[in-house]
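Thank you all for coming; I would like to take a few minutes to walk through one model, starting with the packing of its helices and ending with its strands. Please keep the structure open while I talk.

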Amino acid sequence: MGAPAERRRALSAPGVSTGRGYRPPMLARAVRIANVRGVEVRLDPSVLLLGVLVAALFLLRFVDGFSWPLAIPMAAVGALLVMATTFAHELAHALEAQHRGIEVEAITLLLFGGVTEMHAGGQTARDELAIALVGPYVSLLCGAVFGIVATVSPDLLPDAVGAPVAEVAGLLGWWNVLLAAFNIVPGAPLDGGRVLRALMWMITRDRMRALRTSVRAGQLLGLTLVGTGLLLPFVAPLTLLPASVGSVILVVTGVFLYLAARRELRHAELDEVLSGRTVRELLSGLDGRQPPPLEPPPDAVGADTAGVPELPAVQLHADLHALVAAFQGDHDRVRVADGAVEVGTLVERDVARSLHEVRRFGAAAGGPEPPAPAAPVASRDVEPM
Ligand SMILES: [Zn+2]
């Protein structure tokens, strides 16, 4: 019923990312496959594309030194190990966060690696630093283990087994070392961006300022990758397949990083707007701005309620995070109540517009001072790899 695409746009436009049940659009299709210590593990369909790409890349290399019947299973095992080590990297973030008392919701594996979703409420700069560093650390550890396997397997195993094992392990070792190196580049949303943010936060004691710095660094990194990708064909002739493939990979990764960095800033800004405010405050106009219109209750006299599904309700005194969470699902309206008394209905589009305005432009001239945000701001951390 209705147009779900429209609804998703209304929600994602202001970057509403808080409250249980929200899935960033890119993660909405992920399939749940397992549960590790209360952390849901999901596979996005795009991960199949990653598997095929990695397997093809590995196969191109393996057929040089091995027969096809041997190279194909080697490439398949290599691709599976890439997924497994990506998962290990994400699991490290998740377990370190859990260890520090931070609620972790899910790990999703997708085309660009992995994403760990966590509720960052109560997180300190020190927590953030540790959670960010443990991912690249585990990738380096994986790199070292595969390096050792690649070195010793030709001596320990019979030739027929030793050579392919050494080849696959060697490639996996380098893959993980490169992954750690790329991830530690200081720009949001990479782990290095989080490290930068945590360090800046420690120095300036201002989380939002630290976040803006890491986002700007991430956007600069994204633009640099796009620029390099566009220049690559002029440096290396385009007729060479690797140059054009490399160019496309750089541009796509750069755009992805740039957009992810921007989204991270929007999420944080919106969380700042939502934190510590109630539905009642929204309806009386946040920071002196126009409140979203409150429509009459759906079951008011004369309203046609036939075929209208039961809408979720929030209380006037409820937190704005609860209101945003209530909009999740196949409906674009939420009922507002004051105890048992029905007050009216809020439309998602109007709420999104209102929050968006406060987020972008702050307090209206002459409006009341915005309340100090409850520090640290509760937010959901989404990070690639
Ligand atoms: Zn990571």
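Before anything else, a definition: when I say that two residues meet, touch or are in contact, I mean that their C-beta atoms, placed from the backbone, lie within 7 Å. What you see is a predicted model, in which local features need pLDDT of at least 70 and side-chain atom pairs count only at pLDDT 80 or more, while totals for chains, interfaces and linings use all residues. Residues are numbered from 1 along each chain as its sequence is written.

The secondary structure of the chain comes to 11 helices and 8 strands, where helices (H or I, at least four residues) and strands (E, at least two) are DSSP runs, numbered from the N terminus. Of the 385 residues in the chain, 37% are buried; a residue is called buried if 20 or more other C-beta atoms lie within 10 Å of its own, exposed if 12 or fewer, and partly exposed in between, with C-beta atoms placed from the backbone. If we take the contacts between residues at least 6 apart in sequence, 66% of them join residues at least 24 apart.

Let me turn to the helix pairs, for which axes are lines fitted to C-alpha atoms, for helices over the stretch in contact, and angles run from 0 to 180 degrees between N-to-C directions. For handedness, a crossing is left-handed if the near helix is turned anticlockwise from the far one by less than a right angle, and right-handed if clockwise.

Helix α4 (residues 125-156) and helix α6 (residues 191-204) have axes that come within 8 Å and cross at roughly 155°. The two are therefore roughly antiparallel to each other, given that angles under 35 degrees count as roughly parallel, over 145 as roughly antiparallel, 65 to 115 as roughly perpendicular and the rest as oblique. Their crossing is left-handed. On the α4 side, the residues include A125, L129 and P136, and these belong to a contact whose α6 side includes R194, L199 and W201. The residues of this contact divide into 10 nonpolar, 1 polar and 4 charged, where Ala, Val, Leu, Ile, Met, Phe, Trp, Tyr, Cys and Pro count as nonpolar, Asp, Glu, Lys and Arg as charged, and the others, Gly among them, as polar.

Helix α3 (residues 68-99) and helix α5 (residues 159-183) have axes that come within 10 Å and cross at roughly 35°, and this crossing is right-handed. The contact of α3 with α5 has 10 nonpolar, 3 polar and 1 charged residues. The pair α3 and α4 packs at an angle of about 145°, with the axes 8 Å apart, and here too the crossing is right-handed. Among the residues making this contact are T85 and A88 of α3 and C142 of α4.

Is C142 buried or exposed? C142 is buried, because 24 other C-beta atoms lie within 10 Å. Leaving aside residues up to four places away in sequence, C142 touches T85, A88 and N176. The C-alpha atoms of C142 and A88 are separated by 8.7 Å, although the two residues are 54 apart along the chain.

Some loops deserve a look at the backbone. P189 lies in the loop between α5 and α6, and the peptide bond from A188 to P189 is cis, with omega near 5°. R205, in the loop between α6 and α7 (207-235), has a positive phi of about 60° although R205 is not a glycine.

In it, 3 strands are arranged in the order β5-β6-β7, forming an open sheet with mixed pairing; two strands pair if DSSP finds at least two bridges between them. β5 (313-315) and β7 stand at the edges, each with a single partner strand, so one side of each is left without a neighbour in the sheet. β5 and β6 run parallel and are joined by 3 bridges, with V314 opposite V336 in β6. Strand β6 (residues 333-338) and strand β7 (residues 341-347), by contrast, run antiparallel and are joined by 6 bridges. In the hairpin of β6 and β7, which has 2 residues between the strands, G339 takes a positive phi near 65°.
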